[in-house]
Every structure is written in C-alpha cells, then in structure tokens.
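Me: I would like to go through some of the labels used for this structure and see what each one rests on. Please set the value against the cut-off each time.

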Amino acid sequence: MEKTIICRCEDVSLEDIETTANTYNCSAREVKLRTRAGMGYCGGRTCRPAVDAVLEHVTGEKAGHTIPLKVQPPVRPVTLSVLGGNRNDD
C-alpha cells in the first residue's frame, strides 16, 4: 500500500508523504513543499484531493492554510498571432 503513487506528475508515493511527515514533524503545507506533491505538470488538478486526504490522515491537518498551495493550470491562453509570430517583414 505504501508504494501507491499519490502524485503521478512528481512520482510521490504514500510512503514518501508519510516518511516526510514523520521525519520532519511538519505541517501539511510543508510536506507538500518538501515532496512536491501536487506541484507537477498538472498543477495539482489530478491529485490535489488525494494529497489533501492523505495529509489530513497523516498530519491531522485539514486542507486550507493561511498561505494555500492553490491549484494552477499549467498553461495560459495564447493567441494564434503570438504563436505564429505575426511579423511584418515589409
């Protein structure tokens, strides 16, 4: 069970989260920062609920902090003119 991957983007397992929490006796936010759980390519959109549930079980803290680690999309909208260069070579 400990080898279960919680965050696929950063390859963080349940064991990694538990070990970090126990070794450093840290908060849920600090565990996320130390393991990078929820900070991968998807920005936490895929694993954030699982990461929060595991951290609540391991550290006893509920999700929601004074400085939250928010879910962020990995990309921003870009117009086609920016992608194509839209240069005026006159």
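Me: How many salt bridges does a search of the whole structure find?
Reply: The model is a predicted one. Searching all of it gives five salt bridges.

Me: What makes K3 and E15 a salt bridge?
Reply: Their side chains meet at 2.9 Å, N to O, and the cut-off is within 4 Å, so the pair qualifies. K3 is in the segment before β1 and E15 in helix α1, so the contact ties together parts 12 residues apart in sequence.

Me: Why is K3 called exposed?
Reply: Exposed means over 50% relative accessible area. K3 has 65% relative accessibility, so it counts as exposed. E15, at 31%, counts as partly exposed.

Me: What makes D52 and K32 a salt bridge?
Reply: The N to O distance is 2.6 Å, and the limit is 4 Å, so the label holds. D52 belongs to helix α3 and K32 to helix α2, so parts 20 residues apart in sequence are tied together.

Me: How do you know that the span of helix α3 agrees with its number of residues?
Reply: At 1.5 Å a residue, the 12 residues of α3 (48-59) should span 16 Å, and the end C-alpha atoms are 16 Å apart, so the two agree.

Me: Which residues of α3 are buried, and why are they said to lie on the same side?
Reply: R48, V51, D52, V54 and L55 are buried. They cover an arc of only 165 degrees around the axis, which puts them on the same side of α3. P49 and H57, on the other side, are exposed.

Notes:
Residues are numbered from 1 along each chain as its sequence is written. This is a predicted model: local features need pLDDT of at least 70, side-chain atom pairs count only at pLDDT 80 or more; totals for chains, interfaces and linings use all residues. Side-chain values use heavy atoms; hydrogens and water are left out. Helices (H or I, at least four residues) and strands (E, at least two) are DSSP runs, numbered from the N terminus. The expected span of a helix is 1.5 Å times one less than its number of residues. Buried means under 20% relative accessible area, exposed over 50%, partly exposed in between (1.4 Å probe, protein chains only). The arc is that of the directions from the helix axis to the C-beta atoms.
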